[in-house]
Amino acid sequence: MSWTVKTELLDNSKGVMPPVIQIVMLVFALSLPVAIQAQSVGVLEGQVVDSTNNEAILGANIYIAEISRGAATDSDGNYRIESIPEGEYDVRFSYLGYKTQVFSIVISGGGTTILNISLLPDFITGEEVQVLAQAAGQAAAIKDQIQSNTIVNVVSAERINELPDQNAAESVGRLPGVSVQRNAGEAQKVVVRGLSPKFNSITVNGVRIPGTDENNRSVDLSLIPPDVLGGIEVFKALTPDKDGDAIGGTVNLLVREAQSDFSGSARVQTGYNDLENEFGQYKASINLSDRFFDDKLGLLVTGSIQKVNRSSDLLEADYVYRQESGSVEIENLNLADTYETRERYGASVSLDYDLSEDSQFFFSSFWGRTDRDELRRRKRYRVGNGRVEYDLRDRQINEQVFSNSLRGEHELGWAKLDWQAAHSYTLTERPYSVYSRFQELTAYENGLVDNQGPEPIPQFARNELSETYFLYSTFDPKEGSDRDVTGELNMEIPYELFGNTSGYLKFGAKYRDKKRIQDIDSYQTDFGVISDIGQANSDQYELYNDEHILISNFLDPDFKANGFLDGEYDFGPGLDDNLLNQFYRNYKDQYDPNRYVELSDYTAGENISAAYIMTEINLGSKLMFLPGVRYEYTENYYEGYYGNLFNNLGRSGTLRDTTGGQNYGELLPMAHLKLNIIEGIDLRLAVTRTLSRPDYYNLIPSEFINEAEFTISRGNPNIKHTKAINYDVFLSFYKSSLGYFSVGAFYKELDDIDYIAETRVREGEFAGFSLTEPINGSESTVRGVELDLQTDFRFLPKPLDGLILNANVSFIESETFFPLLVVAGNNPEPPFNPIYKDSSRAGKLPGQPDFVSSLTIGYEKGGFSGRVSYSYQREILERVGRLPESDIVADAYGYWDLVINQQFKSLDSFVFFLNVNNFTRESESSFTGARQFTGENEVFGLTADVGVRYRF
């Protein structure tokens, strides 16, 4: 079986690229005479440093108002402005937190003018100089945001250093309009402006990180330690020189770069988990930076290692809505005790080399890894079929990300040329996973109440361990990888048109080759194998009815789930992982392959070719206009499996390869406008078109027919990609003595979002079968408002001048339509089967909270720095049910953390700290759509760390 799909979004895909290239070359030809001006021009360059310690200032702004030209300093504090007509000018130097200074210079034609300056911090009082961590981090983030020509939020390197975050996802989650999805109480993936993680792109220094999820394109940021990062940027309105497949936004992780002199820092800490009452968590990191060969070569090396306990208590319930009675009944109730440790590693190497004044090369290599060791004991009340089950899962999961890039920047006099070659790779492995299940039949007393939520269920369970026996066991290894190879080339040509109008023309091309592989295996004891083993070893195992192995052979007498779910439920006995792992090792030759899981294997390839052209036009110092267009052409192919399998483990039936693919192009126009209304007040407008490619697994041309259960599930290689048009309005206010405030509004229209729909086969051999497959939905909309306030209170009298405040709130609304299969009656003729019809219902997008906020109140004075933070997100739609009453909605969640730092004059290179995460012991929970019953409740407890940082 083979599918091939070609989607032409324009009249002729073969005719799209030439016009784009023709436009690039035409504008290039028109701009070249302007760029190479006849008049005599000169160059201004120099270095900007801090007057108090002579350290280089990164990102200081240099601006010549007469010609509306400027630059920003690099990591060494150096700057360079070219093609300045000869004459006399006033040059303004400014940087957030420093006093603005203006210098008069004379530019000579054909020459280079050197101007080195020292900026004075504007918070110096008398002879006292204090540069504190929170204030510095806040100032650096504000600087990046107000200087950007697009809409971006920033977590600065200074702020990352003083946050107690376990991983990069938690740091991103503190920004306006950003919420997080959690796993084991730890932030894992980011939701930008209410759009699920698959609608966002994650990059390292601009290099795309391939997806880590086996089914979609989302990236697990929990495997990246924040210690190796030099900052985080979240771009919410794209420009044409960035990848167009980021409807929510692009999260760019910045790897640290070498400083001008030898420097470094180290950090060590140990911690405590109160849920398990366990000490022994630890974290250590180091970074070293230096320059060699007369400062031509810069080298920075970072490393990080961490071990944390992410154990939890969990209640999880599944419900079914009975339309005839109008009641919600519980089908399954699961209680799970999970002991999990995570070991996280990270390292990066950054090299930069100045070949000449006009050519620089940069090499960056980043590696992150998380190893998860999980032991889960679970008791399952299978109400729908009258059973109680006990199971144990012992598994290891290893996730890795690699990102390597080589980049060059070249000054050509009349233009700037930059290029980049990159290789990124993610690998997810499950090398070991043993699962064992035991069951008790006829497990409930008469009078079971199943429509009052989970609380009554355990009261009706018989809990007869003498009738609970070993049902089956599995071994489930898995491996998935995703690889990107990328090459890009960009050209930027500065120009001056007339008067004080200047800007640049930028164009370029990019190619990305992707390959993703998923390989899942499963080996399982077939029906009756466990019983055969027991009967053959009756002297070793106690049996039930002389046939089944009793659960008593595998109970752990030392296991106690004390205070399970804060004492609300009695977990009962637990299984012994050592005994069950030994059982697998002894009898693994009797575990047969499960052919059903092979239907989940796939190979996917994707080639993306892109070209863009854009220009930035500065009309004086007040108005910037940035129009442009990007074109992306996608070619992909997929290999999956078709299966019509029968019998246990799918031994009988057909399993064969299938292939499919799509080709399509998309033109993405974009425009940005930035207006400096008055000094310190900026208005930004943006209209952009973006896209999101479908989830991998939805596109796989696989199909599984289960004739015993009258079901068919399959992929859909015909599914379309999602298109979006985005509107942004952003107003920001800044005054050095007061701080920063912004308010932004956005509106997004999305077409062809893909959903998983359940329908019925209408005709043919499988008429009447339940069909589950991905389809495209109708138009969806997302709108919202974001407010952000960052300030300190140094204008207040002592001691209140040490207060620092960061606060943001976001209000988000969305509407989409979910496909729905409803019963329209019964067939009047035998066998009187129900008649189904396709319908839909409105709702908000899954994963979208209506309200997100973050608050940080800090205080810094002398050597003391402390802050308390609160992050909150309102409930989200987690799982879509057949009707709203059976939806599962994640409850609102609020998270508190505390940081205390202390520095002593006699040990001014050391900072001692205390971090406390989730000190209110907040749990995560969900409920049914009508907020009637609990869907899930997971308890993690608090964690605390103490440690020391050393800077040299």
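Select Asp752 first: at 16% relative accessibility, this residue counts as buried, where buried means under 20% relative accessible area, exposed over 50%, and partly exposed in between (1.4 Å probe, protein chains only). Asp752 sits in the loop between β39 (739–751) and β40 (754–760); helices (H or I, at least four residues) and strands (E, at least two) are DSSP runs, numbered from the N terminus. Its phi is near 65°, a positive value in a residue other than glycine.

The model under view is predicted, so local features need pLDDT of at least 70, side-chain atom pairs count only at pLDDT 80 or more, and totals for chains, interfaces and linings use all residues. Residues are numbered from 1 along each chain as its sequence is written, and side-chain values use heavy atoms, with hydrogens and water left out.

Thr442 is exposed, because its relative accessible area is 63%. Then select Lys798 and Pro799, which are joined by a cis peptide bond with omega of about 0°. Pro799 belongs to the loop between β42 (780–792) and β43 (803–826).

Display helix α6 (residues 529–536), whose buried residues are Val529, Ile530, Ser531, Ile533 and Gly534. They pack against β25 (468–475), β28 (523–525), β29 (543–544), β30 (548–549) and α7 (577–587).

From there, colour the largest nonpolar core, which has 44 residues; such a core is a set of buried Ala, Val, Leu, Ile, Met, Phe, Trp, Tyr and Cys residues joined through side-chain atoms within 4.5 Å. Tyr381, Phe554 and Phe583 have the most contacts inside this core.

Centre on Phe583. Which residues is Phe583 in contact with, leaving aside its neighbours within four places in sequence? They are Phe470, Ile530, Ile533, Tyr541, Ile549, Phe554 and Tyr591, contact meaning heavy atoms within 4.5 Å. Another core, of 27 residues, lies apart from the largest one; Ala168, Leu175, Ala187 and Ile232 are among its members.

His548 counts as buried because its relative accessibility is 16%. Its side chain makes a polar contact with the side chain of Ser531 at 2.9 Å. A polar contact is a pair of N or O atoms within 3.5 Å; within protein, one must be able to donate a hydrogen and the other to accept it, and residues adjacent in sequence count only if both atoms are side-chain atoms. Not counting residues up to four places away in sequence, His548 touches Tyr469, Ser531, Glu542 and Leu543.

**Last stops**

Select Leu288 in strand β18 (residues 278–292). At 35% relative accessibility, Leu288 counts as partly exposed. Finally, go to Ser839 in strand β44 (residues 834–843), which is partly exposed with a relative accessible area of 32%. The C-alpha atoms of Ser839 and Phe818 are separated by 8.5 Å, and the two residues are 21 residues apart along the chain.
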